[in-house]
Structures are given as structure tokens and as C-alpha cells.
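Please look at the sequence and the structure before reading on.

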Amino acid sequence: MALDGKLLGSARQKLALIREENRAEEERRLRSIYLRIPEIEKIDLEMRRQMSELVKLTVSRDPELRERLEALERENLRLQADRERLLAEHGYAPDWLEPVFSCRKCRDTGYMEGRLCSCLKTLYNRELTEKLGVLLQTGGECFENFDLSLYGQHRPEMELVFGTCRNYAADFSPNSMNLLFQGRTGLGKTYLSACIARVVAEKGFSLCYDTAVSALEAFELRKFSRDPAAAEAADLRVSRMLDCDLMILDDLGTEMITSVSLSALYTLINSRLLKGRPTIISTNLSDEELKKRYTPQIISRIQGEFTLLPFSGQDIRLIKKEL
């Protein structure tokens, strides 16, 4: 997937803040150690003096250069051993005063051998999710707050649905299966979609979470908008929906049916299937309603490539009002 320069720049800024926080932690640790173990500050001063002496020796023509370098090395090793011993005697790990890195692979630079490190990619994906995860900005949905007791006699079926969703989020990978959430309105489809989205986003995967109306509108704008800037923005948005790690399309069936929307929906579903990228679709429509509304090509892909999770029960929102 081509990277958005602005989002990558924002991710780099976040990584720069992480580096600053780690450097501040290094300084805090050092000040604390110097106050508690003054001998270590003396050792550090001596080691810096040795470094200055080493620089002078390397440019000198001293006939005893080799012997003096060896003696300096032995003394430096002794000081390092004393430093580690003092740390251990006071209950600190040997590497307590080593540089602090959140990512030891790239040492918080964001790159390894000229390529994006996984830590910077994770930050980038989080920036991307903030742009694409429109529905994630509506509340604090989480699995812990999902109340199965509201489903009454349908609780056993919904426990299976809930467990599947929670495991899906916990084990998500780019190879995860496609899911179809199907059931009447008010049964928790959007809520559990948001729960999955939050967990997946926190893992650092790129995510697009939007309604069918809004998502398919982007395809139309990309093709027909007379505003070049709007068309370009829509094109970028569509590219992200096609390429993100997880696409969640909520409320399929609420969009207006046109030849353009049908073509857009087919493109979105089929392109992601061809790329092997998982998609979650939620709909209030029954199988028969889906068949009446969409083309055989779309139905074939939904029925053949998506695992059905049937939502059952009474409208949760109405039940909550009565409590």
C-alpha cells in the first residue's frame, strides 16, 4: 500500500515524541542514581576523562601508544565492572543506565536498513485508522461492556457470536476470515463491530470502519465529482479502503441502489478478496432481501467468502429504555 506522506509525517512526529520521552527517562534515571550512589557519578566522570585521553592518544605519535591504549582499556573495563557492581548492590539491573528505547530493533529511529520498522508502521496505521475509522469516534465501545443478559432466551446463540467476535479481534491477522453480521436492527452488530475495530486498531493494524452509505459515496465522488480536489481526496480514500488491513462496512442495505453503488460495492468486496484482505460486513437484511437488492456477483461473493454470524433477539435499545 502506498503511504500517505502527511500521515507518515504525523507518525514520525509521534515517534519523535517517544524518543524525547525516553531521553527524559534516561536523564531522570541518571539524576536519581547520582543522588543515591555518588560513586557512579565519579566513575562516569573518570570514563569521560578516559575518552578524551583516548582521542588525544589516537592522533599522537607516542612510541608507547600501544601500551598506553591497552592500559586505558583495562582501566575502562575495571570502571565498567565497578559501575555494574554498585548498581547491583543497590538493587538495579545492569542495564538500568543504558539508553532507553521503545523499539530495540531500530532504536526508535523508525527505520531498519532503509525500510520502515514495524514500530513506525504501527504508528502510521494508527494515524490511518483515525482518518478512516469514522465510527470509532462515537463512543467507548468495548467487549467488557457488552451485556449478554439483555438477550434473554437468545443468549446461548449470542454467546457464540460474542465469543467469535472477541477471539477474532484478539487473534486478528491479515489472514483472518471475512465476517457477515446479519440480523434485525438494534441487536448489537454495530457495537461488536466497533469492539473489534478498537482492538484491531490498538494492535497497530490499519483499519477502515464506515457506513455503506458513506463508503460507497466515496467511489461515486472519485468518478463523478467536478471538483478536482474532492475527486482526488475521494480517490485516496477509496485506495485506503481497498488496501487497509481490515475493512468494516456497517449497515449494508441502507445505501441507495444505483448502478454506480452496485459497481462500487462489487469493486470493494471483490478487490479485497483478490488481495486476501479481511472484511466485515453488517446488515439488517435477510438472505432473501439481500438477493433482491444486489447482483448475483455480489451475493455469490458474500455467501461464498464470508462466515455468517446471525444476530438474534429483541431490539436492545428498546429493552434498555424499559429497564
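Which charged end sits over the ring of W96? The charged end of R29 does, 3.8 Å from the ring centre; such a charge is NZ of Lys or CZ of Arg within 6 Å of the ring centre and within 35 degrees of the ring normal.

This is a predicted model, in which local features need pLDDT of at least 70, side-chain atom pairs count only at pLDDT 80 or more, and totals for chains, interfaces and linings use all residues. Residues are numbered from 1 along each chain as its sequence is written, and side-chain values use heavy atoms, with hydrogens and water left out.

Rings of Phe, Tyr and Trp (its six-membered ring) pair if their centres lie within 6.5 Å; planes under 30 degrees apart count as stacked, over 60 as edge-to-face and the rest as tilted. The count by this rule is eight aromatic pairs. Two of them are listed here.

| Pair | Centre distance | Plane angle | Class |
|---|---|---|---|
| Y92 and W96 | 5.8 Å | 35° | tilted |
| Y168 and F172 | 5.9 Å | 55° | tilted |

Buried means under 20% relative accessible area, exposed over 50%, and partly exposed in between (1.4 Å probe, protein chains only). Y92 is buried at 18%, while W96 is partly exposed at 27%. Both Y168 and F172 are buried. One aromatic cluster is formed by F143, F146, Y151, F162 and Y191.

Five strands make an open, parallel sheet in the order 4-5-6-3-7. Strands (E, at least two residues) are DSSP runs numbered from the N terminus, and two of them pair if DSSP finds at least two bridges between them. Strand 4 (207-211) and strand 7 (306-310) are the edges, each pairing on one side only.

Note on methods: Helices (H or I, at least four residues) and strands (E, at least two) are DSSP runs, numbered from the N terminus.
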